[in-house]
Every structure is written in structure tokens, then in C-alpha cells.
Amino acid sequence: MSQLRTFLAIDLDDGLKPKINKIIKQFKQIDAKIRYVELNNMHLTLKFFGEIDTDGLELLENKIADVVSEFKPFNIKIKGCGAFPNYSHIKVIWIGIDEDSIIKELHDNLDGEFVKLGFGKDKNFSTHLTIGRMKSAKNKVQVRSTIGEFSDIEIGEMTVNSITLKKSTLTPSGPIYEDLKVFEL
């Protein structure tokens with residue numbers, strides 16, 4: 001029985017990537033230890049499963065397909081910048097999602113089905129695109145200031161018309177993502 005490291009995500013529209021890249025370039029001007037997410041890997045995570053048995057993949061895919069069949073394509077607005085867990089202790093720098101009620105409903109419906117399969121329930125789901133992970137507190141004040149500059153930035157809108165089950169392979173140079181199955185809304 002083999003295992004795959006998997007997650008469920010909404011991919012970012014290519015048209016929004018140049019605007020996000022401009023924000024990342026501003027952070028890169030700061031002498032801080034931040035590991036940035038590659039633009040090609042940028043996504044909105046709906047559920048991180050971790051290592052799952054390939055034997056259970058079909059059952060998982062069926063649950064996803066059932067929930068997704070209840071949703072139509074919808075628009076989201078990519079807006080703002082912030083940090084997790086907070087501005088005093090920055091671990092993750094993110095770009096926000098405005099008008100995210102449908103994503104939250106989709107997540108909650110999916111999560112309810114995943115709990116039935118034995119996965120843990122997400123406690124604090126937050127819609128966001130991770131752009132970087134801060135590896136030390138070096139120049140945290142400048143990083144915090146830059147986050148503040150972009151706190152209300154409008155990046156653009158996109159239509160969500162599919163979600164993707166992805167495989168993640170960890171490598172020293174960063175994760176490699178591979179689409180396992182795309183679910184159309």
C-alpha cells in the first residue's frame with residue numbers, strides 16, 4: 001500500500017500572478033529570511049490531507065465529486081495582504097480573498113464529508129494565498145511595514161470553476177505539485 005502527500009486546492013488564475021509577483025518583489029527588497037511560494041505553485045488550499053493511502057483515493061475523489069456537483073462557478077476577489085498568526089509573530093505572509101462566503105460554504109461542505117472518512121476537522125479555515133514563510137525575525141519591522149502598505153491592495157477577480165486534488169512531493173528546493181484530478185463546478 002503506497003501513500004501520497006495530498007491536498008485540495010483552487011489554482012490561481014495566471015492573469016493575477018504578475019500583480020502578486022510585484023508584491024513579492026517588494027518583500028524581496030527587504031533583507032529578511034523569507035521562503036517564497038513559486039508563482040506556478042500558488043493556490044488557495046481547501047484541505048490539506050497529508051499522507052493518504054492510495055487505496056482510499058477513489059473514495060475521497062467520490063466524496064469531492066458529490067460535494068462539487070452542488071456548486072456552480074463563482075467569482076472571488078483577491079484583495080489585501082496580512083500575516084499569520086499575527087503581526088507580532090509573523091510566520092506566513094498571505095494575500096487575502098474578499099467576498100469568500102461561497103468558498104467557505106464549499107470548504108465546510110467538503111470538510112464535513114472528509115470528517116466522515118476519518119480526517120480531522122479544520123478548526124480555523126481561512127481563505128488566503130500564501131506568498132511566503134518567514135524563517136526568522138530578521139527585519140520583522142520592515143516586513144510588517146510592507147504588509148501594512150499592501151493591506152488593502154486590490155489584485156483582481158477570478159472565476160472559480162474547478163478545484164484540484166494535488167499530490168505534493170517535497171524536495172530540498174521546494175515542493176513539486178502534480179494534479180491528480182480536476183473537479184469542474
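Is D11 buried or exposed, or something in between? I looked it up: D11 is partly exposed, at a relative accessible area of 31%. My cut-offs are under 20% relative accessible area for buried, over 50% for exposed and partly exposed in between, with a 1.4 Å probe and protein chains only.

Ground rules, before I forget. This is a predicted model, so local features need pLDDT of at least 70 and side-chain atom pairs count only at pLDDT 80 or more, while totals for chains, interfaces and linings use all residues. Residues are numbered from 1 along each chain as its sequence is written, and side-chain values use heavy atoms, with hydrogens and water left out.

**Entry: salt bridges**

I counted 11 salt bridges, taking a side-chain nitrogen of Lys or Arg within 4 Å of a carboxyl oxygen of Asp or Glu as the rule. One of them joins K166 to D11, at 3.0 Å from N to O. K166 sits in strand β8 (residues 162-169) and D11 in strand β1 (residues 3-11), so this pair links parts of the chain 155 residues apart. Strands here are DSSP runs of E, at least two residues long, and helices are runs of H or I, at least four; both are numbered from the N terminus. K166 itself is buried, with a relative accessible area of 6%. I also noted that D11, K166 and D179 are linked in a network of salt bridges.

Next I checked K79 and E154, which form a salt bridge with the closest N and O atoms 3.8 Å apart. K79 is in strand β4 (residues 74-85) and E154 in strand β7 (residues 154-160), so the pair ties together parts 75 residues apart in sequence. K79 is partly exposed at 28%, whereas E154 is exposed at 52%.

Then K167 with E178: a salt bridge again, with 3.9 Å between the closest N and O atoms. K167 belongs to β8 and E178 to β9 (residues 176-184), so the parts tied together are 11 residues apart in sequence. Both are partly exposed, K167 at 23% and E178 at 42%.

**Entry: β8 and its partners**

I went back to β8 and found 6 of its 8 residues buried. β8 runs antiparallel to β1, with 4 bridges joining them; strands pair if DSSP finds at least two bridges between them. F7 has K166 as its bridge partner in β8. With β9, β8 pairs in the antiparallel sense over 8 bridges, and T169 stands opposite I176. β8 and β9 form a hairpin with 6 residues between them, and G174 in the turn has a positive phi of about 120°.

**Entry: the open sheet**

What is the strand order in the open sheet of 5 strands? I read off β2-β6-β5-β4-β7, with antiparallel pairing. β2 (34-36) and β7 each have a single partner strand, so one side of each is left without a neighbour in the sheet. Neighbouring strands are turned by 30° against each other on average, direction ignored. β2 pairs with β6 (residues 128-134) over 3 bridges, and I34 has M134 as its bridge partner.

**Entry: helices on the sheet**

Helix α1 (residues 17-28) lies across β2, β4, β5 (90-98), β6 and β7, at about 20° to β6. Helix α4 (residues 140-149) touches β2, β4, β5 and β6, and its direction makes about 0° with that of β5. Contact means heavy atoms within 4.5 Å. Axes are lines fitted to C-alpha atoms, for helices over the stretch in contact, and angles run from 0 to 180 degrees between N-to-C directions.
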